[in-house]
Structures are given as structure tokens and as C-alpha cells.
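I opened this notebook to record what I looked up in one structure.

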Amino acid sequence: MHEIEVNVRFCETDLLGHVNNNNFFVYMEDARIQFFNDLALVGNDWNFILASTKCDFIKQVYFNQTLIIRSHVMKIGRSSFHLEQDMFEKESGELVAKGLSVIVQFDFEQQQSVALTSEMKESLSSYQMVAK
């Protein structure tokens, strides 16, 4: 499982005092980019697009809290993979949000999806959750 920490900044809160829902997607993006970098899935050319994303908000989060974002691969397809991202409040360990993204390898010149290489699939599978 891939893991990063995010510290909630004051500017990410709204008039109600909790983190605005849009920022959870920013946190997920930060974790995805680190995931791509750590797995060496991208080089000088960015070759992935976000085809779908969603987030379930479970518990409110506030300024100065630290979140742990744990990312793991749910499914690997021909040209895409599904990435689940669970967000936990660090101090309590409580689940605060749960995200899911579908990421597609894409050829921008041809404007179409491209099959994942066997090396990419192997790298992704090392972060795949096994069904119990």
C-alpha cells in the first residue's frame, strides 16, 4: 500500500470551519502524483488521464489535522487501472474519506487509450489489494 501524509492548511477550510469537499480531490491528486512518481509510471511525458473520480465524505476534517492517504490498486485493465484512496485522520486513525479513481494511459497525439506495458502492470500489481 502506498502512503503519504497531508497537513490541512487554514485556506482549505470553509465558513463552516471544516475542510471544503473540493480539497479532498486535491489531496487525492497529490497522493496519485506521488504514487506515479514512486512507481516510475511517468517520465518526462505525462501519459495518464483521469477518466473518473469520486469521493465519499465520512467525517469532517479541520485545520491543522494531518491526514494519511493510503492508495492501492483495485483493478488493472488493458489500458487503465482503478486506484482506491482511503484517507485517515493521523492522530485518531479514523477513516474520514474514501476515494476511487479510474486512470487511463493515453496517447495525446492519437487521442486514444494505450495498453499498459507488462512492466507497468507488474509495478501496479505490487500495490494491488487481494480480495479476501
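**Entry 1: hairpin of strand 4 and strand 5.** I began at the hairpin of strand 4 and strand 5, where five residues lie between the strands and G93 adopts a positive phi near 80°. I took helices (H or I, at least four residues) and strands (E, at least two) as DSSP runs, numbered from the N terminus. I noted that the model is predicted: local features need pLDDT of at least 70, side-chain atom pairs count only at pLDDT 80 or more, and totals for chains, interfaces and linings use all residues. Residues are numbered from 1 along each chain as its sequence is written, and side-chain values use heavy atoms, with hydrogens and water left out.

**Entry 2: partners of strand 5.** I counted two strands as paired if DSSP finds at least two bridges between them. Strand 4 (residues 80-89) runs antiparallel to strand 5, with nine bridges; D86 has K98 in strand 5 as its bridge partner. Strand 2 (residues 48-57) also pairs with strand 5 (residues 95-107) in the antiparallel sense, over nine bridges. In that pairing I found S52 opposite V102 of strand 5. Strand 6 (residues 112-113) is antiparallel to strand 5 and is joined to it by two bridges, and Q112 in strand 6 stands opposite D107.

**Entry 3: helix 1.** I then turned to helix 1 (residues 21-38), which has 18 residues. From first C-alpha to last it reaches 27 Å, close to the 26 Å expected at 1.5 Å a residue; the expected span is 1.5 Å times one less than the number of residues.

Which residues of helix 1 are buried? I listed N23, F24, Y27, M28, A31, R32, F35 and F36. Buried means under 20% relative accessible area, exposed over 50%, and partly exposed in between (1.4 Å probe, protein chains only). An α-helix has 3.6 residues a turn, so residues three or four places apart point the same way. The buried residues of helix 1 pack against strand 1 (2-7), strand 2, strand 3 (66-76), strand 4, strand 5 and helix 2 (118-125), contact being heavy atoms within 4.5 Å.

Entry 4: Most residues other than glycine have a negative phi. I recorded A40, with phi near 55°, as a positive value in a residue other than glycine. A40 lies in the loop between helix 1 and strand 2 and is exposed at 62% relative accessible area. I recorded Q111 as well, with a positive phi of about 55°. The loop between strand 5 and strand 6 holds Q111, and the hairpin there has four residues between the strands. Q111 is exposed, at 54%.

**Entry 5: cysteines.** How many disulfides are there? I counted zero, taking a disulfide as a pair of cysteine sulfur atoms within 2.5 Å. The sulfur of C11 has its closest cysteine sulfur in C55, 18 Å away, which is too far for a bond. C11 is exposed at 57% relative accessibility, whereas C55 is buried at 10%.
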